[in-house]
Amino acid sequence: MNEFDLLNLKYLHQEDARQDMSRILRERSHNLSLPQPLYNDPFLFRVDMEEVFMKEWLFVGMTCEVPTPGAYITVEVGQNPVLVVRDRDGEVRAFHNVCRHRGSRICTGKKGKVATLACPYHQWTYDLKGNLIFAGSDMGESFDKGAHGLKPAHCKTAGGFIYVCLAEGEAPEIDPYLEALAAYMEPYDMENAKVAAESTLEENANWKLVIENNRECYHCSGSHPELLRTLLEWDDTTDPRATPEFRAHCQRQADEWDREGIPHKHMEFGLQNRIVRMPLKEGTQAMTMDGKPGCSKTMGRIRNRELGSMRILHLPNSWNHMQSDHAIVFQVLPISAQKTLVTTKWLVHKDAVEGEDYDIERLRHVWDQTNKQDRELAEQNQRGINSLAYQPGPYSETYEFGVINFLDWYGDTVLNNMTKDKL
């Protein structure tokens, strides 16, 4: 907890914070930014973690990161270490990365490959399905290994994406979105992809400011010169700012995609999930500085390099750009009320060779610059919000409708989950 947090503690009990959160969300104006405490108060941040990140589906990684039995990745969701591993039947599973003996983390690295899951503290050992198979010889004859397996987390995969939910009971419905995602990701064959590069930025900003910044391109012309060399900011031909030339460009591209059997109809699942394929600027094929491919090998069965960018939104913690030659996936995980971890991964065909088929710096340059620019914007936004002068400001329904949609989803989700807690 930083000095600002310590100076602004106002809740004697967490239940007081929950009641205040409920009141603030019910009374807020939907066309204004959020009241200050929702961006910087540590007690209200804890409610965010309990009602959003502990109960909603989270993007945690790609299936190609766990390609074989025993391959694993780990993530930290607040104070909850999570382990994702592929078992010997090929199923991707998720567990709380916590030994059932005395609670130590089992897998301490970000990724690796193991035959079994052995705790480094006292060597309690679990198989890849989470069953306890060794607990030493000193636990007594009455000790039941079957009652001490790893605690599982909900885990589902689709189209190469891995989603985990830490809800103790039933997880929210997500299957309609996953079915569409699997169909739209089929051309990319993400099981046969690999992570070519990865970056992690620690941003001194509330997680909602990070997402808000992503959900609008109002700031793009003044902040993202590299990105706008190829990106068309509009997500839909019905956008009131869309020009006749833009609509004609979209139609020409759609005709090409139809000939190759590439799905492109816009799909939305409430305000939480959407899949949108949009062309890049005419004459460009990928999000690189010159608009030319970042990798000489295309993804999956793709042949048409003018595939544009398939933009995948998953709230609360991911946005993604799928292109003909490479994919870029983003993961957002809160650390504290004013600190957020943003991880970016660039993926290419698994047979692509670095230095021959792609150059790492060229592949990642545009989004490296964009991420740094966005971090600066979010951090300056946070500093201003912390001021005594801050009050919620108006959103543009033309340029910032994506932010309005995000905050409506956020407010409804927190209130609905809090209501369920009382049942």
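Visitor: Quick one to start: are Trp234 and Phe246 buried or exposed?
Guide: In this predicted model, Trp234 and Phe246 are both buried.

Visitor: And how many aromatic pairs does a search of the whole structure find?
Guide: Searching the whole structure gives 13 aromatic pairs. One of them joins Trp234 and Phe246, whose ring centres are 4.7 Å apart and whose planes stand at 65 degrees, so this pair is edge-to-face.

Visitor: What about Trp319 and Phe330, how are their rings arranged?
Guide: The ring centres of Trp319 and Phe330 are 5.1 Å apart with planes at 20 degrees, and since planes under 30 degrees apart count as stacked, the pair is classed as stacked. This pair also links distant parts of the chain, with Trp319 in strand S15 (residues 318–322) and Phe330 in strand S16 (residues 327–336), eleven residues apart.

Visitor: Why do Trp319 and Phe330 count as buried?
Guide: Trp319 has a relative accessible area of 8% and Phe330 has a relative accessibility of 0%, and both count as buried because the cut-off is under 20%.

Visitor: Which residues make up the aromatic cluster?
Guide: One aromatic cluster is formed by Phe59, Phe161, Tyr163, Tyr177 and Phe269.

Visitor: Which ring does Arg277 lie over?
Guide: Arg277 lies over the face of Trp257, 5.8 Å from the centre of the ring.

Visitor: Switching to the sheet: what is the strand order?
Guide: It is an open sheet of seven strands in the order S11-S17-S16-S15-S14-S13-S12, and the pairing is antiparallel. Strand S11 (193–203) and strand S12 (267–269) are the edge strands, each pairing on one side only. On average, and ignoring direction, neighbouring strands of this sheet are turned by 15 degrees against each other.

Visitor: How many bridges pair S11 with S17?
Guide: S11 and strand S17 (residues 339–349) are paired in the antiparallel sense over ten bridges, and Glu202 stands opposite Leu341 of S17.

Visitor: Which helix packs on the sheet?
Guide: Helix H6 (residues 207–214) packs on the sheet, where this helix touches S11, S15, S16 and S17, and its direction makes about 155 degrees with that of S16.

Visitor: What does Asn371 touch?
Guide: Asn371 is located in helix H9 (residues 360–385), and at 5% relative accessibility this residue counts as buried. Leaving out residues up to four places away in sequence, Asn371 touches Ser199, Leu201, Glu203, Phe330 and Thr344. With Thr344 there is also a polar contact between the two side chains, at 2.9 Å.

Visitor: Last topic, Arg86: where is it, and is it buried or exposed?
Guide: Arg86 lies in strand S3 (residues 80–86) and counts as buried, with a relative accessibility of 8%.

Visitor: Which backbone oxygen lies 3.2 Å from a polar atom of its side chain?
Guide: The backbone oxygen of Thr63 is at that distance from a polar atom of the Arg86 side chain.

How values were computed: Residues are numbered from 1 along each chain as its sequence is written. This is a predicted model: local features need pLDDT of at least 70, side-chain atom pairs count only at pLDDT 80 or more; totals for chains, interfaces and linings use all residues. Side-chain values use heavy atoms; hydrogens and water are left out. Rings of Phe, Tyr and Trp (its six-membered ring) pair if their centres lie within 6.5 Å; planes under 30 degrees apart count as stacked, over 60 as edge-to-face and the rest as tilted. Buried means under 20% relative accessible area, exposed over 50%, partly exposed in between (1.4 Å probe, protein chains only). Helices (H or I, at least four residues) and strands (E, at least two) are DSSP runs, numbered from the N terminus. A charge sits over a ring if NZ of Lys or CZ of Arg is within 6 Å of the ring centre and within 35 degrees of the ring normal. A polar contact is a pair of N or O atoms within 3.5 Å; within protein, one must be able to donate a hydrogen and the other to accept it, and residues adjacent in sequence count only if both atoms are side-chain atoms. Two strands pair if DSSP finds at least two bridges between them. Axes are lines fitted to C-alpha atoms, for helices over the stretch in contact, and angles run from 0 to 180 degrees between N-to-C directions. Contact means heavy atoms within 4.5 Å.
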